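Welcome, and thank you for taking a look at this protein chain with me. Please open the sequence and the structure side by side, and we will walk through them together.

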Amino acid sequence: MKPIVIIGAGMAGFTVARELRKLDKETPLVLLTSDSGGFYSKPMLSNAFAQNKQAAQLVTQSAEQMAAQLNAEIRSTTPVDAIDTTKKTITIGEVALDYAKLVLAVGAQPIRLTIEGDGADQVMSVNHVADYARFRDLVALPKHGASARVTILGAGLIGCEFADDLSGAGHAVTLIDPSPLPLAALAAPALSRGLHAALTSRGIVLKLSTTASRIDRSGDSLQVSLADGSSFETDIVLSAVGLRPDLRLAQAAGLATGRGILIDANGQTSAPDVYAVGDCAEYTVDGNGGTRILPYIAPIMTAGRALARTLTGTPTAIELKDAPVIVKTPSYPIALVPPPLHAVAGGAWQSEEIGERTICRFYDAQGVMAGFCVAPQDAAIRASLLAAMGSPAPAQEASAA
Ligand SMILES: Cc1cc2nc3c(=O)[nH]c(=O)nc-3n(C[C@H](O)[C@H](O)[C@H](O)COP(=O)(O)OP(=O)(O)OC[C@H]3O[C@@H](n4cnc5c(N)ncnc54)[C@H](O)[C@@H]3O)c2cc1C
């Protein structure tokens with residue numbers, strides 16, 4: 001019997017495998033991954049410093065343990081080179097492997113900025129546990145003492161989380177972003193101002209409305225030059241400017257792609273018996289051809305459950321629901337549901353302050369609530385805001401953000 005093959009052993013690959021095994025314990029299942037194949041929770045990568053967690057502590061199950069748990073074959077450090085959707089094979093070097101059904105769960109790649117200077121090649125990204133291990137080793141070099149100077153490019157969700165985490169662990173953090181406020185692409189200005197104040201009061205230096213134009217080596221340090229003409233020394237530069245779905249295998253195989261690998265309501269790509277899920281996928285989100293990249297855990301859980309049913313013979317639509325993203329900035333805990341891109345034009349944020357709390361609701365051009373952000377967040381306020389999604393703006397609205 002030909003196996004179900006999953007390429008990728010991140011949250012998406014393992015979620016599909018787990019959900020599949022709840023429905024079908026026998027069909028041969030093979031996972032292939034370029035990495036070590038152990039299970040870890042990727043969101044931990046940006047809040048593990050303050051908890052002094054080593055990379056090995058984040059891997060809760062080895063590839064062997066996962067293989068036993070899933071009754072699957074896991075081929076670690078095995079990058080897949082190509083897919084032939086006509087012959088229904090994948091190739092690893094010279095070796096071909098047949099599949100009955102194939103799931104692409106290959107994730108996303110960090111976006112690399114083009115920066116001048118002989119230190120630009122020192123810029124790191126942390127998108128996998130192995131990157132985190134390298135980053136930790138660098139931060140811990142004796143020459144940095146107890147407090148390394150870390151410069152983070154990008155004050156989006158991941159950049160702000162790393163900044164708060166590293167400063168919580170005693171490091172000296174500088175955060176650079178072209179926007180005038182942190183988290184500007186996801187949150188309302190009123191909330192971004194609150195985050196700015198919280199990060200600043202922690203000692204994080206924010207250099208906003210500018211970008212890094214050069215990084216040069218300077219003895220043991222790096223010299224960062226900004227577009228605004230200023231410059232400063234740092235020990236380490238971490239890039240957190242975003243991720244891009246990994247389309248390399250899909251495009252080489254002739255699958256339809258947009259920003260991600262295009263999938264229909266059931267998670268199928270443009271080729272029969274080939275599916276995609278997770279950070280690499282571009283989900284169909286409505287019956288009008290609307291699509292979205294959703295690089296978060298909650299959609300993976302929903303899609304993984306539906307896909308497992310489809311793979312076991314019951315075609316099942318992926319019914320994505322709004323789920324808040326928790327921004328792991330303990331100095332200013334945020335929950336948010338970002339408005340979908342298509343709702344942004346013509347819409348507006350409305351904000352209100354209730355005591356220490358800032359609540360912002362996004363209303364689209366039709367006056368329907370299509371997103372929110374709140375800080376400090378807690379479960380009750382999250383739930384009430386989630387319940388209000390889709391409701392019309394009240395007649396008497398609070399002040400504009
Ligand atoms: C620092 C950080 C913090 C985050 N925090 C949160 C959070 O708090 N909440 C939230 O909802 N989301 C968070 N996210 C996003 C979330 O973690 C991701 O959406 C999710 O982990 C993506 O899982 P994935 O399996 O799609 O991709 P990945 O985890 O990237 O897995 C991709 C897999 O594909 C394999 N692969 C790729 N190409 C090949 C190939 N050719 N052959 C074989 N294998 C291949 C890789 O080795 C890997 O195993 C965070 C992301 C980061 C980086």
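In which sense do β11 and β17 pair, and over how many bridges? They pair in the parallel sense, over 4 bridges. Two strands count as paired if DSSP finds at least two bridges between them. The element names come from DSSP runs too: helices are H or I runs of at least four residues, strands are E runs of at least two, and both are numbered from the N terminus. Before going further, please note that this is a predicted model, in which local features need pLDDT of at least 70, side-chain atom pairs count only at pLDDT 80 or more, and totals for chains, interfaces and linings use all residues. Residues are numbered from 1 along each chain as its sequence is written.

Let us stay with that pair of strands. Val-150 stands opposite Ile-236 in β17. Both strands belong to an open sheet of 4 strands with parallel pairing, in the order β13-β12-β11-β17. β13 (205-208) and β17 (236-239) are at the edges with a single partner strand each, so one side of each has no neighbour in the sheet. On average, neighbouring strands here are turned by 20 degrees against each other, direction ignored. Further along the sheet, strand β12 (residues 172-177) runs parallel to β13 and is joined to it by 4 bridges. There, Ile-176 stands opposite Lys-207 in β13. Helix α5 (residues 157-168) packs on this sheet and touches β11 (149-153), β12 and β17. Contact here means that the C-beta atoms of two residues, placed from the backbone, lie within 7 Å. The direction of α5 makes about 165 degrees with that of β12; axes are lines fitted to C-alpha atoms, for helices over the stretch in contact, and angles run from 0 to 180 degrees between N-to-C directions.

Now look at the side chains of β17. In a regular strand the side chains alternate between the two faces of the sheet. From β17, Ile-236 and Leu-238 point one way while Val-237 and Ser-239 point the other way, and all are buried. A residue is called buried if 20 or more other C-beta atoms lie within 10 Å of its own, exposed if 12 or fewer do, and partly exposed in between, with C-beta atoms placed from the backbone.

A second open sheet has 3 strands in the order β14-β15-β16, this time with antiparallel pairing. Its edge strands, β14 (212-218) and β16 (231-234), each pair on one side only. From one strand to the next, the twist averages 25 degrees. β14 and strand β15 (residues 221-226) pair over 6 bridges in the antiparallel sense, and Ser-221 in β15 is the bridge partner of Ser-218.

Stepping back, the chain is divided into domain 1 (4-109 + 244-311), domain 2 (112-239) and domain 3 (333-388), with bounds from an automatic or database domain assignment. Taken over C-alpha atoms, the centres of domain 1 and domain 3 are 31 Å apart.

Next, find helix α1 (residues 11-23). The helix has 13 residues and reaches 19 Å from its first C-alpha to its last, close to the expected 18 Å; that expected span is 1.5 Å times one less than the number of residues. Its buried residues include Met-11, Phe-14, Val-16 and Leu-20. Among the elements covering the buried residues of α1 are β1 (4-7), β2 (29-32) and α8 (297-311).

The ligand is surrounded by 34 residues, and the closest are Gly-8, Gly-10, Ala-12, Gly-107 and Gly-278; a residue is near a molecule if its C-beta atom, placed from the backbone, lies within 6 Å of it. α1, α8 and β23 (325-327) are the elements that give two or more residues to this shell. The largest share, 3 residues, comes from α1.

Finally, some loops deserve a visit. Most residues other than glycine have a negative phi, and most peptide bonds are trans. Thr-77 has a positive phi of about 40 degrees although it is not a glycine, and with 11 C-beta neighbours inside 10 Å it counts as exposed. Leu-183, in the loop between β12 and α6 (189-201), has a positive phi near 55 degrees. Leu-183 is buried, with 29 other C-beta atoms within 10 Å. A cis peptide bond joins Ala-375 and Pro-376, with omega about -15 degrees.
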